[in-house]
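Me: I would like to go through a protein model and learn what the terms stand on. Please show it first.

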Amino acid sequence: MYTQHAKLIDAMIEYDKGDARRIQHFIKVHDLAATIAALENADEETTFILETAAILHDIGIHISEAKYGSASGHYQELEGPAEAEKLMQKVGGYNASQIERVMYLIGHHHTYNNIDGIDYQILVEADFLVNFLEDNVPKENIRKVYETIFKTETGKQMCEEMFLQ
């Protein structure tokens, strides 16, 4: 039997079909976000919203590339929330407040000031942890992000153990 997130992952794989890099990216961000949330003792509703946002966080890339010729974070934040809402409605199983929060998180996942909740913080940290490797970020840049952005003990420990040893 499908779980809610398995249904969403299945729908997102269909949405990104032919783009294995993006599919693997959101799967990795989802898995790290879920792990950080569990180790940080996030409550069930927060974790549900976080995992949903992690699966959908880059859904605005295709539209951004088509519309603006760019997948920059600004365009992803602009275009992603409406696409995410459509996919959540299609999959079903989300209430209005969950959809609203997921749209907010997607619309801010490249904005690193005024992080307003543990779900937002963990999403940002998980995305960075994956992007550091995928984008071959230099160690000195990782250290700067670690010192200025990372706040959860689990995210910090993961960053240290993966990249700063």
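Here are some questions and answers about this model.

Reply: This is a predicted model, where local features need pLDDT of at least 70, side-chain atom pairs count only at pLDDT 80 or more, and totals for chains, interfaces and linings use all residues. Residues are numbered from 1 along each chain as its sequence is written, and side-chain values use heavy atoms, with hydrogens and water left out.

Me: Why does the radius of gyration of the protein chain agree with a compact globule?

Reply: With 165 residues, such a globule would have a value near 15 Å, and the protein chain has 15 Å, so the two agree. The radius is taken over C-alpha atoms, and the rule is 2.2 Å times the number of residues to the power 0.38.

Me: Where is Asp58 found?

Reply: Asp58 lies in the loop between helix H3 (44–56) and helix H4 (61–68). Asp58 is buried, meaning under 20% relative accessible area with a 1.4 Å probe, protein chains only.

Me: Why is there no salt bridge at Asp58?

Reply: A salt bridge needs a side-chain nitrogen of Lys or Arg within 4 Å of a carboxyl oxygen of Asp or Glu. The nearest side chain of opposite charge, Arg22, is 6.4 Å away, so Asp58 has none.

Me: What makes the pair Asp58 and His57 a polar contact?

Reply: Their side chains are joined at 3.2 Å. The cut-off is N or O atoms within 3.5 Å, one able to donate a hydrogen and the other to accept it; residues adjacent in sequence count only if both atoms are side-chain atoms.

Notes
Helix = DSSP H or I, 4+ residues; strand = E, 2+ residues; numbered from the N terminus. Buried < 20%, exposed > 50% of the residue type's maximum accessible area, 1.4 Å probe, protein only. Lys, Arg positive; Asp, Glu negative; His and termini not counted.
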